[in-house]
Amino acid sequence: PPRSTLFPYTTLFRSSLRYEARDDLGSGSHVRATLYGLASEQRLDDPRGEIAFVPTRTRDDALTVGGTVLGSRPFGAEQSLLLAVLLDGRHEGFTPHDELDPADHRPPGSRTQGAAGVSATVLVPRLALEVIGSARAEAAHDLISPAGLVTSAAGGAQPANYFLPVARLGLVESAIPALRLRANFGQYARLPSLFERYGNGGLVRGNPLLTPEHGINADLGGTLTLAAAHASLVLDAAAFASWSRDLIHYQEMGYFAGYLNIARARSYGGELSASALLGRFFRVTAQGTVLDEIGRASC
């Protein structure tokens, strides 16, 4: 038989339909609506059982359809207040199948998800300052495979419901035209992906017990732009920190690998990038990131 091969997710079909207009909600307003669809497949061909220990030929199909509506409108005599509203909804389906194992214990899974958010940007012209506040709520209904990291359990997918509220505050200051400073602080949350729940039927094992990760993060940075007649240089630096609970972490577990929740984790880091443009066609970019991350306990 041929050697075992693993192909990552390959997009088979992707399409979108967009509507965009101005002044529909009043003077200076902007509306954008998008409908989209995405189909993909992940393949694992392991006829010798070199990866999964038993002959395996999986064809895991994923299909996502959804839509997003974003509307914004300025208010005030000097348009010093900008309000924006976001509505998002989508449905994801995941259908695993092993052509060599008719008793594949990974039943199809799905996620139906909706989110609503609002943001307000206040301009303070005297300080060249923007104050940005936002809030978002996300709800999801999942059907999850009962197969675990080390065992395969028979039965149908199990339902689970989630509600994830987040809020953030950001500041942008540009008193000096060439220098733009920014700061950001707030909550974040992330649902486990269906791949993290299911794996690929071979080396990567799914974990149906994963819970959403959430926490607080902050960053502080700035961008300096220097321009001449035929050249420009952009320098960007940032420092960031994150304090997470139930962090979803990719973990090697002997021969296999999978995803686990880390009960508490913290990370600190920094980024630095430089981009130079010479003439119209020559650009050089260099960037680097330093990250220090510690997980306190896992579950």
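Visitor: Why is the contact between Arg43 and Glu41 called a salt bridge?

Guide: The closest N and O atoms of Arg43 and Glu41 are 2.7 Å apart. The cut-off is 4 Å between a side-chain nitrogen of Lys or Arg and a carboxyl oxygen of Asp or Glu, so the pair qualifies. Keep in mind that this is a predicted model.

Visitor: What makes Arg43 partly exposed? And Glu41: buried or exposed?

Guide: Arg43 has a relative accessible area of 38%. Buried needs under 20% and exposed needs over 50%, so a value in between is called partly exposed. Glu41 has 13% relative accessibility, so Glu41 counts as buried.

Visitor: How many salt bridges does a search of the whole structure find?

Guide: The search gives 12. Asp45, Arg57 and Arg59 are linked in a network of such bridges. Another bridge joins Arg197 to Asp142.

Visitor: How do you know that Arg197 and Asp142 form a salt bridge?

Guide: Their closest N and O atoms are 2.9 Å apart. The limit is 4 Å, so the pair counts.

Visitor: Why does the pair of Arg197 and Asp142 tie together parts that are apart in sequence?

Guide: Arg197 lies in helix H1, residues 194-198, and Asp142 lies in strand S6, residues 129-144. The two parts are 55 residues apart in sequence, so the bridge ties them together.

Visitor: What makes Arg197 and Asp142 count as buried?

Guide: Arg197 has 1% relative accessibility. Asp142 has a relative accessible area of 0%.

Visitor: Where is Glu196, and which side chain does it meet in a salt bridge?

Guide: Glu196 is in helix H1. Its side chain meets that of Arg190 at 3.3 Å, N to O. The limit is 4 Å, so this is a salt bridge.

Visitor: Why is the contact between the side chains of Glu196 and Arg190 also called a polar contact?

Guide: The distance is 3.3 Å. A polar contact needs N or O atoms within 3.5 Å, so the pair meets that limit too. The side chain of Glu196 also reaches the backbone nitrogen of Ser193 at 2.9 Å.

Visitor: Glu196 and Arg190: buried or partly exposed?

Guide: Glu196 has a relative accessible area of 10%, so Glu196 is buried. Arg190 has 31%, so Arg190 is partly exposed. Leaving aside residues up to four places away in sequence, Glu196 touches Arg190, Gly206, Asn207, Leu210, Ile248 and Tyr259.

Visitor: How many aromatic pairs does a search of the whole structure find?

Guide: The search finds three. One of them is Trp243 with Tyr268.

Visitor: What makes the pair of Trp243 and Tyr268 edge-to-face?

Guide: The ring centres are 6.0 Å apart, and the planes stand at 80°. Pairing needs centres within 6.5 Å, and edge-to-face needs planes over 60 degrees apart, so both conditions hold. Trp243 lies in strand S11, residues 231-253, and Tyr268 in strand S12, residues 256-278, so the pair ties together parts 25 residues apart in sequence.

Visitor: Why do Trp243 and Tyr268 count as partly exposed?

Guide: Trp243 has 37% relative accessibility. Tyr268 has 35%. Elsewhere, Phe195, Tyr250 and Tyr259 form one aromatic cluster.

Visitor: Which residues make up the largest nonpolar core?

Guide: There are six: Ala140, Ile144, Ala160, Tyr162, Leu164 and Leu191. S6 and S7 are the elements that give two or more residues. S7 gives the most, with three. Ala140 touches residues including Ala160, Tyr162 and Leu191. A second, separate core of five residues includes Val204, Leu210, Ile248 and Tyr259.

Visitor: How do you know that S7 and S8 pair?

Guide: Six bridges join S7, residues 158-173, to S8, residues 179-190. Pairing needs at least two bridges, so these strands pair. They run antiparallel. A hairpin of five residues joins S7 to S8.

Visitor: Which residues stand opposite Leu181?

Guide: Glu173 stands opposite Leu181 in S8. Leu181 also stands opposite Gly222 in S10. S8 and S10, residues 213-227, pair in the antiparallel sense over 12 bridges.

Key: Residues are numbered from 1 along each chain as its sequence is written. This is a predicted model: local features need pLDDT of at least 70, side-chain atom pairs count only at pLDDT 80 or more; totals for chains, interfaces and linings use all residues. Side-chain values use heavy atoms; hydrogens and water are left out. Helices (H or I, at least four residues) and strands (E, at least two) are DSSP runs, numbered from the N terminus. Rings of Phe, Tyr and Trp (its six-membered ring) pair if their centres lie within 6.5 Å; planes under 30 degrees apart count as stacked, over 60 as edge-to-face and the rest as tilted. Buried means under 20% relative accessible area, exposed over 50%, partly exposed in between (1.4 Å probe, protein chains only). A nonpolar core is a set of buried Ala, Val, Leu, Ile, Met, Phe, Trp, Tyr and Cys residues joined through side-chain atoms within 4.5 Å. Contact means heavy atoms within 4.5 Å. A polar contact is a pair of N or O atoms within 3.5 Å; within protein, one must be able to donate a hydrogen and the other to accept it, and residues adjacent in sequence count only if both atoms are side-chain atoms.
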